[in-house]
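Take a look at the sequence and the structure below. The paragraphs that follow walk through them step by step.

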Amino acid sequence: MPTGSAAPAPGGSANQANDATRAAYGQANQGALALVALGGLGTDKGVGDQVRGLAPDLTSQGQALLDQVKQAATAAGVALGDQLGAQQQALIADLQARSGQPFDTAWLQAAQTLLSQARDAANAILNDPNASPEAKAAARDALAKLDALAKQLSSASSSAGASTPGSVDAGTGGQAAASDDLLPIVLGGSGLVLLGGGGVVAARSRRSRTDV
Amino acid sequence: MTTDPRPHPRPPEVDGGAGVSEGTAAGAVDSPEGATGVLPGAGVQVLTGPQRSRDRARRRWGLVLAGAGLVLLALAGALLLVREPAVTAAPLGTVAPRPVPAESGDLRPGGPVRLRHSGIMPVGLELPARRTTAPVVPVGTGPDGGLQIPDPPQTVGWWAPGALAGSGTGTVIVAGHVDSRLAGIGMMAVLPQLTVGEPVLLRGADGRAVRYRVVARREFRKAALPADTFARTGSPRLVLITCGGRFDPTVGSYEDNIVVYADPARP
């Protein structure tokens with residue numbers, strides 16, 4: 001199987017899991033695989049305290065989730081792959097092309113996004129009427145742990161400057177605006193020239209009438 | 001006692017008396033019948049008729065010129081008081097709708113998936129048509145939630161959590177000051193002049209360049225900057241941002257953002 005998506009287990013009880021259940025397990029599997037990969041990348045390339053501190057947690061949480069998903073999926077007769085999907089591969093490739101602070105900020109953003117995906121997957125299992133009670137309990141347990149990690153990531157993301165900006169303040173001088181005001185400058189300049197011209201004419205007139 | 005048979009010249013009217021035209025300088029003398037000369041002992045020149053009319057015309061012209069000058073100066077002053085300094089940018093081109101939810105950074109399944117060749121971290125911005133370049137530094141988001149812009153207005157910032165230049169997905173954000181109180185006009189002040197189709201290059205530290213072409217420009221109130229501007233998904237694009245609109249000197253900032261959209265240029 002090329003990716004971490006789900007399929008009926010070969011020779012297994014394929015009828016035990018419908019499409020929705022398989023999709024939920026596949027999504028959860030993808031999320032968990034991505035968390036493990038992202039955690040490893042953060043451990044290798046992270047430079048800031050936030051990433052270096054959270055990356056091992058992401059790996060361990062992802063691995064725990066992966067184990068739970070695989071166990072529940074096997075019980076439900078769903079076979080799961082162990083490779084990242086195209087989207088996750090692209091994300092990892094993007095992060096690998098970065099270094100330093102740009103890596104850290106992008107990693108924190110990506111971690112939040114993947115965590116959100118993993119949460120969605122856990123919720124999908126909880127909402128699946130065909131999921132076993134054991135699978136639902138595992139999903140609830142995973143959700144609690146993911147929520148705690150999400151809070152840490154959100155806090156780290158804010159302090160590392162990785163959150164999405166709400167505004168862009170890019171100008172403090174006003175010179176660019178003032179440079180557009182040509183009309184008052186032209187008018188003022190012309191006024192001064194005329195005033196000066198009038199003064200010269202008046203002075204000449206006076207000079208011609210004044211006895212030296 | 002003899003009488004001089006020659007007619008005596010009529011005593012001239014001294015300036016300041018009745019019948020003297022306005023504006024006559026003190027000490028100057030008019031000669032109604034056109035006599036010429038200087039009033040003896042008074043140091044006063046007597047004007048001939050034609051001279052006097054030329055002099056009046058000159059004075060009139062001087063007054064007209066000075067009056068017009070004053071009017072123009074008053075107009076300029078009034079304009080400076082009334083006009084509010086602003087940077088404006090006419091809208092250009094079409095901004096393609098983003099196939100992503102408003103929440104930026106979303107990578108949920110459903111968006112277009114593209115396996116990307118790895119992009120580059122930009123270190124230089126070039127506008128070849130204008131022979132303009134600027135160094136690019138990575139920036140993040142400040143504690144106040146605003147994008148952190150490099151202080152020198154000739155340097156621009158690349159939003160590091162966003163897409164890489166040349167990435168197959170998402171928006172590359174580059175922003176810079178339009179001007180700075182201390183350092184004057186910024187590199188991004190050129191954004192209102194960019195034209196559709198104009199090339200924009202982002203260069204990496206290894207010298208590789210990613211070429212984009214301007215497709216659109218918009219001006220938004222700062223509070224209305226579209227939420228998907230910073231999206232990390234969707235088709236690849238470059239977004240250049242600076243400030244525009246009215247400048248409020250009391251708070252030292254502009255009211256709007258000028259946003260230029262550029263798509264990857266076909267090789």
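What percentage of the 212 residues in chain A do buried residues make up? They make up 49%. A residue counts as buried if 20 or more other C-beta atoms lie within 10 Å of its own, as exposed if 12 or fewer do, and as partly exposed in between, with C-beta atoms placed from the backbone. This is a predicted model, in which local features need pLDDT of at least 70 and side-chain atom pairs count only at pLDDT 80 or more, while totals for chains, interfaces and linings use all residues. Residues are numbered from 1 along each chain as its sequence is written, and chains are lettered from A and ligands numbered from 1 in the order in which they are written.

Start with chain A. It has seven helices and two strands. Both kinds of element are DSSP runs numbered from the N terminus: helices are H or I with at least four residues, strands are E with at least two. From the N terminus on, the order is β-α-α-β-α-α-α-α-α. Two residues are in contact if their C-beta atoms, placed from the backbone, lie within 7 Å. Among the chain A contacts with a separation of 6 or more, 77% are between residues 24 or more positions apart.

Chain A is divided into domain 1 (6-159) and domain 2 (181-209). The bounds come from an automatic or database domain assignment. Taken over C-alpha atoms, the centres of the two domains of chain A are 78 Å apart.

Now turn to helix 3 of chain A, residues 86-96. Its buried residues are Gln87(A), Gln88(A), Ala90(A), Leu91(A), Asp94(A) and Leu95(A).

Helix 5 of chain A (residues 133-159) holds Ser155(A). Is Ser155(A) buried or exposed? Ser155(A) is exposed, because it has 12 other C-beta atoms within 10 Å. Ser155(A) is 105 residues from Gln50(A) in sequence, yet their C-alpha atoms are 9.3 Å apart in space.

Chain B has one helix and 16 strands. Buried residues make up 40% of its 267 residues. Of its contacts with a separation of 6 or more, 57% are between residues 24 or more positions apart.

How do the chains meet? 81 residues of chain B are in contact with 59 residues of chain A. On the side of chain B that touches chain A, helix 1 of chain B gives the largest share, 17 residues. By class, that side has 44 nonpolar, 26 polar and eleven charged residues. Here Ala, Val, Leu, Ile, Met, Phe, Trp, Tyr, Cys and Pro count as nonpolar, Asp, Glu, Lys and Arg as charged, and the others, Gly among them, as polar.

Look next at the nonpolar cores. Such a core is a set of buried Ala, Val, Leu, Ile, Met, Phe, Trp, Tyr and Cys residues joined through C-beta atoms within 7 Å. The largest has 103 residues, and Ala118(A) and Val174(B) touch the most other members. Helix 4 of chain A (residues 100-126) supplies the largest share of this core, twelve residues. A second, separate core has seven residues, including Leu187(A) and Ala66(B).

One loop residue remains. Arg131(B) lies between strand 7 (122-127) and strand 8 (132-139) of chain B. Most residues other than glycine have a negative phi. Arg131(B) has a positive phi of about 50° although it is not a glycine.
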